[in-house]
Amino acid sequence: MAKKLFIPGPVEVAPEILQAMATPMIGHRMPEYASLHRGVKEKLKKLLFTDARVFLATSSAFGVMEGAVRNLVGKRCANFCNGAFSDKWHDVTRRCGKEADAVKVEWGQPITPELVDRTLATGKYDAFTMIHNETSTGVMSPLPEIAAVLRRYPDVVSIVDTVSSMSALKIPVDELGIDCCIFGVQKAFALPPGLAVFTASDKALERAKTIEGRGYYFDFLEFAAADEKDNTPSTPCISQIYAMDRQLDRIFAEGLERRWQRHREMADFVRNWVTGQGYGFLPEPPYRSLTLTCALNTKNTDLAALKKRLGERGYAFDDGYGKLKGKTFRIAHMGDMQVADLEEYLGVVTELSRAEK
Ligand SMILES: *Cc1c(COP(=O)(O)O)cnc(C)c1O
């Protein structure tokens with residue numbers, strides 16, 4: 001039986017999107033592709049509030065996360081780490097042969113502007129990575145405040161992962177001054193996995209020109225050259241780009257303000273449920289994510305058993321990521337989801353968790 005997904009990625013994909021993926025194939029060097037590509041790019045620029053370059057990469061997010069450090073780290077990278085994905089990004093940075101330090105806070109804590117300031121003030125770094133919304137811990141770090149600090153360090157290229165937040169709230173890339181903003185599409189965008197989007201400021205492209213060993217597949221300068229012709233360096237995932245085009249139309253049809261509001265309502269609904277059930281939260285209130293809730297299993301519910309029961313009822317439940325498995329559980333509230341979907345799901349979770357006491 002197909003399970004309805006309430007895990008933080010991949011999330012449910014609308015039938016209309018799956019249909020868009022069945023659009024007959026075109027060649028990526030045909031004018032039809034350039035027109036599709038240009039349209040998607042223009043819509044993404046509107047959504048991201050940016051005039052910077054917007055590129056489409058055929059990979060999951062980590063492809064571009066790796067590409068970004070290969071292209072943009074010269075001297076040394078400060079990888080801010082507060083969860084599984086940001087910890088892994090540091091590992092990836094080192095595996096690319098880059099000098100890098102992990103600036104760690106405990107899982108469940110946010111990255112703070114003070115920590116960023118203190119770290120960059122050492123003058124050791126020319127690149128910065130952070131994850132806006134740590135999906136493993138349900139922590140959303142204060143991006144506008146951090147961006148204000150970054151502005152004081154013009155020699156540092158900023159690379160920000162917005163995989164599980166982009167489109168759920170306003171993230172004005174240019175106003176924030178993010179040099180390279182990266183996201184995959186199977187989370188906040190509610191598309192099937194396989195496509196990643198990234199921006200590159202002029203500063204980022206200038207930096208890339210000075211870096212040896214950028215490789216080929218994620219070479220930002222290859223992307224910039226192909227972009228001149230509304231194209232990609234190698235064959236893109238055309239079906240997914242059709243899906244993205246359709247999803248962007250759906251996002252603008254809903255309206256950005258309404259989409260952001262819906263995410264706030266879903267987050268409130270889930271947080272109230274967590275409180276009402278007597279569970280705790282991993283993050284402190286100001287840093288609780290808008291797109292997923294990471295609850296503390298303070299009642300010692302048998303989460304593995306609950307997950308199994310929910311599976312039998314047709315729901316995919318997340319019982320925590322990595323070292324938080326069993327100690328926390330995560331409820332996604334992102335993408336196309338509505339409060340009504342969460343009402344249905346949490347109704348069943350309430351019923352079954354009573355039995356798993
Ligand atoms: C899921 C996720 C990733 C990894 O994405 P892949 O698509 O698996 O490469 C990276 N960052 C964040 C914040 C994520 O949630």
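**Aromatic rings and their neighbours**

Phe 6 is a buried residue, as its relative accessibility is 0%; buried stands for under 20% relative accessible area, exposed for over 50% and partly exposed for anything in between (1.4 Å probe, protein chains only). Tyr 345 is buried too, with a relative accessible area of 0%. The model is predicted, so to speak of local features takes a pLDDT of at least 70, and side-chain atom pairs count only at pLDDT 80 or more, while totals for chains, interfaces and linings use all residues. Residues are numbered from 1 along each chain as its sequence is written, and side-chain values use heavy atoms, with hydrogens and water left out.

There are 15 aromatic pairs in the structure; rings of Phe, Tyr and Trp (its six-membered ring) pair if their centres lie within 6.5 Å, and planes under 30 degrees apart are stacked, over 60 edge-to-face and the rest tilted. Phe 6 and Tyr 345 make a stacked pair, at 3.9 Å centre to centre and 5 degrees between the planes. Phe 6 lies in the loop between β1 (4-5) and α1 (15-20) and Tyr 345 in helix α13 (residues 339-355), so this pair ties together parts 339 residues apart in sequence. Helices (H or I, at least four residues) and strands (E, at least two) are DSSP runs, numbered from the N terminus.

What about Phe 198 and Phe 220? Their ring centres are 4.7 Å apart and their planes at 35 degrees, so the pair is tilted. Phe 198 sits in strand β10 (residues 196-200) and Phe 220 in helix α9 (residues 220-227), so parts 22 residues apart in sequence are tied together.
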